[in-house]
Amino acid sequence: MSGLGQGTGTRFGAGWISGVPAVTFAALAGGGVLCLLFPSLLTTPDARGHYPLGVVRFLIYAFLVAGFGLGTLSVLLRRAKALGLTALALATVATLLGGSGAAVGDVDGAAGYLGLDWFILNVLVLALLFVPMERLFARLPSQPIFRPGWQTDLAHFAASHLLVQLTVLLTLAPATLFFAWAVRPGLQQAVQSQPLLLQFVEIVVVADLAEYAVHRTFHRVPWLWRFHEIHHSAQVMDWLAASRLHLVDIVVTRGLSFVPLYVLGFSTPAVYAYLVFVSFHAVFIHANVRFRFRPIEWLVVTPRFHHWHHAAAPEAVDRNFAVHLPWIDRAFGTCYFPEGQWPAAYGLAGAPVPDGWVRQLVWPLRARGRRLDVA
Ligand SMILES: [Zn+2]
Ligand SMILES: [Zn+2]
């Protein structure tokens, strides 16, 4: 039995279960304070006018209280004090910067910004949804939340959200720069005159046909595979593993999938509904959950279908490219979906991709250089 301050590891009473949320809450509070102080630099222009300030200030206050309280508990329980002290330091800095009462800074119309608000919002919503879901309905119950590689995946998550200005710009670029000639006002009016639900279904089909083609190309072309290989380096499947994507993979896939939606001219509410759907569905299909959705698992991509896309088994390699609709893979002969089974292991043979966000960002370029050297 270990007494106060004797705990190690991650078991109950070792100060880990209090320390990790303490750091999380303190960091979120600190991020919130920074968003209040520097809205021009750290918040998304379209969103910044719509935040309910009272709720934001209450959440910062609550997270600071939680950060201080749980941080103190962790320092008392845990032999290694780093976790608890980090939480207390973050919470102290956030408080000194003004805490929940921090004055809202000026909006000066600067051209560039980081989507810190977008990152905090998404972390909160997705973690609140998926962490309990994966605890309650785990496919692999022994798999912890903080499994190997979680820091790398969180860094991918942070980067893609902080750089939202860049990724949105680059996502829209291929369509608007190269396909404006293909726009036919008559066709767009016909598309927009359809009911929203029908447009939504059409978007899912059209976008997934494009995603299928782009995804399969990423697997087929060696220098493109170097970028997509990052996504397949995940050896553990959960909601956070969905974020392990190279920035080039993100903007190329999104940009090319957007082209048909742009040309066909679907109405804005239908496109937004699809964006909300895809942002949850893309995370869900990676989650460590055992739901099978047996009646519709041949109709809509489920976690089991996409888990096979990540499977290490040779018979599953280069299979299941569709992101939403598994029958696309059936139609093109690239489906691998053994009845009722889950993969035994995930990732790439030989685990060639290093861990760490920066190393994975430069990996495709370095790997190609090495190949050229050999040649
Ligand atoms: Zn893939
Ligand atoms: Zn995936």
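Visitor: Which residues coordinate the zinc ion (ligand 2)?
Guide: This is a predicted model. In it, His-231, His-286, His-306 and His-310 coordinate the zinc ion (ligand 2), each through NE2. The distances run from 2.0 to 2.1 Å.

Visitor: What spacing do the donors follow along the chain?
Guide: The pattern is H-x54-H-x19-H-x3-H.

Visitor: And where do His-286 and His-310 lie?
Guide: Both are in loops. His-286 is in the one between α13 (268-284) and α14 (303-309). His-310 is in the one between α14 and α15 (326-332). The pair therefore ties together parts that are 24 residues apart in sequence.

Visitor: Are those two buried or exposed?
Guide: His-286 is buried, at 5% relative accessible area. His-310 is buried too, at 1%.

Visitor: New topic. Which residues make the nonpolar surface patch?
Guide: Trp-118, Leu-121, Val-125, Leu-129, Val-276 and Phe-280. The patch covers about 480 Å².

Visitor: Which helix gives the most to the patch?
Guide: α6, with 4 residues. Both α6 (116-136) and α13 supply at least two.

Visitor: Take Val-125. Where does it lie, and how accessible is it?
Guide: Val-125 lies in helix α6. Val-125 is partly exposed, with a relative accessible area of 39%.

Definitions and conventions:
Residues numbered from 1 in each chain as written. Chains lettered and ligands numbered in written order. Predicted model: local features only at pLDDT ≥ 70, side-chain atom pairs only at ≥ 80, totals over all residues. Heavy atoms only, no water. Donors = N, O, S within 2.8 Å, 3.2 Å for Na, K, Ca; no water. Buried < 20%, exposed > 50% of the residue type's maximum accessible area, 1.4 Å probe, protein only. Patch = residues over 30% accessible without salt bridge, like charges linked within 9 Å, V, L, I, M, F, W, Y side chains within 5 Å. Areas by Shrake-Rupley, 256 points an atom, 1.4 Å probe, with all protein chains shown as cover. Salt bridge = Lys/Arg side-chain N within 4 Å of Asp/Glu carboxyl O.
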